[in-house]
Amino acid sequence: MTGATLLDFSDVAMTFPNGTVALHSVDLAVDRGEFVSVVGPSGCGKSTLLRIASGLEAASAGSVSVDAGRIGYVFQDATLLPWRTVADNVELLAELNRLPKAVRKAKAQEAIDLVGLTGFEKNLPKQLSGGMRMRASLARSLTLDPELFLFDEPFGALDEITRERLNDELLRLFVKQRFAGLFITHSVSEAVYLSTRVIVMSGRPGTVVRRFDVPFPMPRDPDIRFTPEFAELVGEVSHALREGHK
Ligand SMILES: Nc1ncnc2c1ncn2[C@@H]1O[C@H](COP(=O)(O)OP(=O)(O)OP(=O)(O)O)[C@@H](O)[C@H]1O
């Protein structure tokens with residue numbers, strides 16, 4: 001593991017106690033400055049991979065090294081507490097980490113401003129749109145200044161326009177805050193648009209079947225989505241996904 005590597009999976013396998021083999025011989029590294037997306041068929045073990053990376057679950061074989069002091073985790077569901085305002089939800093992790101009140105208030109406000117929720121601090125989650133709830137969830141993790149950010153299909157439930165807008169917001173944060181990202185998605189074009197590298201997994205038991213470097217520079221111009229180079233790469237990744245599915 002080099003000094004730049006924040007997450008390193010080597011020959012990782014996961015067999016659940018009921019005998020389900022979810023992952024098999026997974027090699028995967030995420031370095032500083034990288035945004036890595038993982039695509040793969042449903043049930044191939046993507047969430048399991050993320051849970052192992054976060055320490056929520058232990059791999060049953062292989063080695064997992066995590067060299068990131070602070071890890072952010074965003075799920076498909078925004079998981080906000082319905083009785084807390086946006087500001088109080090965003091403060092939650094800082095509160096659990098026992099940061100002094102003044103510090104966590106300042107951090108929460110900074111994160112709220114970063115994700116574009118300024119003015120909505122006193123709203124309850126039910127008064128927000130799905131996209132805004134996801135912004136609040138992102139802000140809550142940003143208060144930890146994560147070095148490594150894990151995303152489990154965070155935008156899967158959003159409409160396409162909101163999703164594209166949040167993709168741009170996330171890229172802006174990636175460039176500004178300099179965290180490394182590991183991002184699970186079912187959308188190949190989202191994976192290519194966001195990432196410096198795309199990993200394709202096989203069907204269960206999931207293993208890495210292809211890796212693609214994404215050559216487009218950061219910060220990314222939203223219009224690259226309409227270029228032939230972008231379409232070609234999306235086509236190649238989709239093809240690899242279909243091959244791995246057989
Ligand atoms: N705690 C568990 N015990 C037993 N089997 C499990 C457990 N958690 C997950 N699995 C199984 O492991 C496999 C991988 O699950 P996982 O949720 O990681 O897949 P995924 O690729 O994220 O799926 P999707 O894309 O549909 O969200 C599935 O077959 C699932 O049923």
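Biologist: Which residue in β8 does V38 stand opposite?
Modeller: Start with the elements: helices (H or I, at least four residues) and strands (E, at least two) are DSSP runs, numbered from the N terminus. Strand β3 (residues 35–39) runs parallel to β8, and 4 bridges join the two. The residue opposite V38 in β8 is I199.

Biologist: What kind of model is this?
Modeller: Numbering starts from 1 along each chain, as its sequence is written. Local features need pLDDT of at least 70, side-chain atom pairs count only at pLDDT 80 or more, totals for chains, interfaces and linings use all residues, and this is a predicted model.

Biologist: Is Y73 in β5 buried or exposed?
Modeller: Count the other C-beta atoms within 10 Å, with C-beta atoms placed from the backbone: 20 or more is buried, 12 or fewer is exposed, and in between is partly exposed. Strand β5 (residues 71–74) has both faces covered, with I71 and Y73 on one side and G72 and V74 on the other. By that count, Y73 is buried.

Biologist: Which residue in β6 stands opposite Y73?
Modeller: β5 and β6 run parallel and are joined by 4 bridges. In β6, the residue opposite Y73 is L150.

Biologist: Which helices do the buried residues of α2 pack against?
Modeller: Helix α2 (residues 86–96) has V86, N89, V90, E91, L93 and A94 buried. An α-helix has 3.6 residues a turn, so residues three or four places apart point the same way. Contact means C-beta atoms, placed from the backbone, within 7 Å. The buried residues of α2 pack against α3 and α4 (130–142).

Biologist: Why does A106 count as partly exposed?
Modeller: A106 is found in helix α3 (residues 101–114). A106 and E91 are 15 residues apart in sequence, and their C-alpha atoms are 9.4 Å apart in space. A106 counts as partly exposed because its C-beta neighbours inside 10 Å number 14.

Biologist: Which strands stand at the edges of the sheet of 3 strands?
Modeller: This open sheet has antiparallel pairing and the order β2-β1-β4. An edge strand has a single partner, so one side is left without a neighbour in the sheet. The edge strands are β2 (21–31) and β4 (61–66).

Biologist: Which residue in β4 does D8 stand opposite?
Modeller: Strand β1 (residues 5–15) pairs with β4 in the antiparallel sense over 5 bridges. In β4, D8 stands opposite S65.

Biologist: Which element gives the largest share of the side of domain 1 that touches domain 2?
Modeller: An automatic or database domain assignment sets the bounds, giving domain 1 (5–69 + 147–245) and domain 2 (79–146). In contact are 13 residues of domain 1 and 9 residues of domain 2. On the domain 1 side, the elements giving two or more residues are β6 (148–152) and α5 (160–177). The largest share, 5 residues, comes from α5.

Biologist: What is the radius of gyration of the protein chain?
Modeller: The protein chain has 7 helices and 9 strands. The radius is taken over C-alpha atoms, and the globule rule is 2.2 Å times the number of residues to the power 0.38. That rule gives 18 Å for 246 residues, so the chain is as compact as a globular protein of that length. Its radius of gyration is 18 Å.

How values were computed
Two strands pair if DSSP finds at least two bridges between them. Two residues are in contact if their C-beta atoms, placed from the backbone, lie within 7 Å.
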